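Colleague: Could you take me through this model? I would like to ask about a few places as we go.
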Amino acid sequence: MKVSQQVRNILQAAASGIRPSREDCILLLDFPEFSPESALLRATADALSRARFYNHAMLLAQIGIEIAPCLADCQFCSFAESYTDLPSHTMELDEILLHSKNLTEHGNLHSLFLMTMHTFDFEHLLQVVQHIRKHISPQVHVVVNIGDFNLAQAEELRAAGVNGAYHVRRLREGIDNTLQPTARLRTVEAIRSARLDWYTCCEPIGPEHNPTEIVDQIFESYDFGCFQNAAMRRVALPKSPLAANGQISELRLAQIVSVVTLAGLECKELKSIAVHEPNALGLVSGANCIYAEAGANPRDTRSKTEQSRGLGLLDCEELLLECGFSTLMLPDQKYVTISARDIVPHSGTSPSGNQPSD
Ligand code: SF4
C-alpha cells in the first residue's frame, strides 16, 4: 500500500510533538476519507490522543432548557425562526432540576451544560444556575451554551457557580445565519477573560465546507486557548435549507477529528477532544469525549431529545467502553472507572503507563 511520503513526514513530526502547520492540515483534509493517508492520520491521532489524555475519556451532558423561534436563524437548526415548527417551551425549574440530578447522581459526569436560544433571559439563567448548584454535587462543573454575552455577564455567571461556556464562531457565521462573527469572538474573549473554561468546536460541518475554512476555524480555537475542541457534522434536518447540501459521513468527520487532535498538540489549555454527535469512528480517531443530551437539541425535530436523537449516560458509557475507554476524567484531577457493564476492557498496559501530573 502506497501512502504519500509528505503525509508520513507530517505524521512522524506530530508523533514527536510538533503540530502540523495550517498548510499541512489542509493537505491532510484534501485526501478522501477512505484513503490510506486518512487511515494513517486517524490511527496516529488516536494513539497521540490516548497518550496525551492517559486513555481517560470525559463524559458530558447537556440540557436544552428552552425552545423558541431563534432570530439567529441558522439555516441548519431546528429552532431557526424562518422555518421552525417546534412549539415554544421553557422548561420548568423542577424539570431542569430532575434532569440535573439524574445526569449527575452517578458521579461520572465532568460537566453539566445548560443550553438556551441565542437570545435568552440572563436573570432567569442565573436563577437556574443558582438553583441547581444547591442540589447537585459541587464537584460537577456547570457550563453554559448560550447566546453572546459580555465580560460583566461572564463574571456574574462565574459568581453564580458557572465553570465554563461553550461558544463557537461557526463556519460561515453571518452567511448561514444573521449573527456577526466579530460578536461571537468578543464573547469568546469575555469567556477567557473571566477565566471560564472555553469549550468550542469546528461546526457545523457540511459537504460544502472546504479544507481551508475548516482549518481556519480549528486554528482560531487554538489561538484563543480552548479547554475543549471538537468536530461536529451538520445534521440534514428535513426542513432546513442547508439539508439540500447533504451530510458528511462519520468517516469524514473522524478525519476532521484527527486534524483537530493534531492541530491541538501544542495547545496547553486543551484538556479533551469531543465528537458530535457521539460515534465510534470519532472516538477511535482522537476524540475522547461525548455528550448525553436532554430537552431541546438544535439537531433534533423533537423537543425532548432524550426520547429521540439524544444519547443517555448509559449509552455514552457503553460507546466509550466499546472504543477502549474505561476511565472517566472528573474535575480536579479525579477519575472514575466506568462500572457495572458487561464489557470487560482488556487489561494491557495503558498507552502512557502513567497518570497525569498537571
Ligand atoms: S443554532 Fe443556536 S443560535 Fe442558531 S438558530 Fe439554533 S438556537 Fe439559534
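Colleague: Is Gln333 buried or exposed?

Modeller: This is a predicted model, and in it Gln333 is exposed, because 10 other C-beta atoms lie within 10 Å and a residue counts as exposed at 12 or fewer. Gln333 sits in the loop between β12 (327-330) and β13 (334-337).

Colleague: What is the phi of Gln333?

Modeller: The phi of Gln333 is positive, about 60°, although the residue is not a glycine. Arg195 is another residue other than glycine with a positive phi, near 60°. Arg195 belongs to the loop between α7 (181-193) and β7 (197-199). Arg195 counts as exposed because it has 12 C-beta neighbours inside 10 Å.

Colleague: Turning to helices, which residues of α8 are buried?

Modeller: They are Ile214, Val215, Gln217, Ile218 and Ser221. Viewed down the axis of α8, these buried residues fall within an arc of 160°, so they line one face of the helix.

Colleague: Why would residues a few places apart point the same way?

Modeller: An α-helix has 3.6 residues a turn, so residues three or four places apart point the same way.

Colleague: What do the buried residues of α8 pack against?

Modeller: They pack against α2 (22-30), β8 (202-205), β9 (228-233) and α9 (250-263). Just after α8 comes Gly225, with a positive phi of about 75°.

Colleague: And which residues of α2 are buried?

Modeller: Asp24, Cys25, Leu28 and Leu29 are the buried residues of α2. Their arc around the axis is only 135°, which puts them on the same side of α2. The exposed residues Glu23 and Asp30 are carried on the face turned away from that buried side. The cover over the buried residues of α2 includes α1 (5-15), α3 (36-52), α8 and α9.

Colleague: How many residues does the largest nonpolar core have?

Modeller: The largest nonpolar core has 102 residues, and Ala231, Ile256 and Val260 have the most contacts inside it. Its largest share, eight residues, comes from α9. Leaving aside neighbours within four places in sequence, Ile256 is in contact with Leu29, Cys202, Ile205, Ile214 and Ala231.

Colleague: Finally, what surrounds the ligand?

Modeller: The surrounding residues include Cys70, Asp73, His118 and Asn177. By class, the shell has eight nonpolar, two polar and one charged residues.

Notes
Residues are numbered from 1 along each chain as its sequence is written. This is a predicted model: local features need pLDDT of at least 70, side-chain atom pairs count only at pLDDT 80 or more; totals for chains, interfaces and linings use all residues. A residue is buried if 20 or more other C-beta atoms lie within 10 Å of its own, exposed if 12 or fewer, and partly exposed in between; C-beta atoms are placed from the backbone. Helices (H or I, at least four residues) and strands (E, at least two) are DSSP runs, numbered from the N terminus. The arc is that of the directions from the helix axis to the C-beta atoms. Two residues are in contact if their C-beta atoms, placed from the backbone, lie within 7 Å. A residue is near a molecule or strand if its C-beta atom, placed from the backbone, lies within 6 Å of it. Ala, Val, Leu, Ile, Met, Phe, Trp, Tyr, Cys and Pro count as nonpolar, Asp, Glu, Lys and Arg as charged, and the others, Gly among them, as polar. A nonpolar core is a set of buried Ala, Val, Leu, Ile, Met, Phe, Trp, Tyr and Cys residues joined through C-beta atoms within 7 Å.
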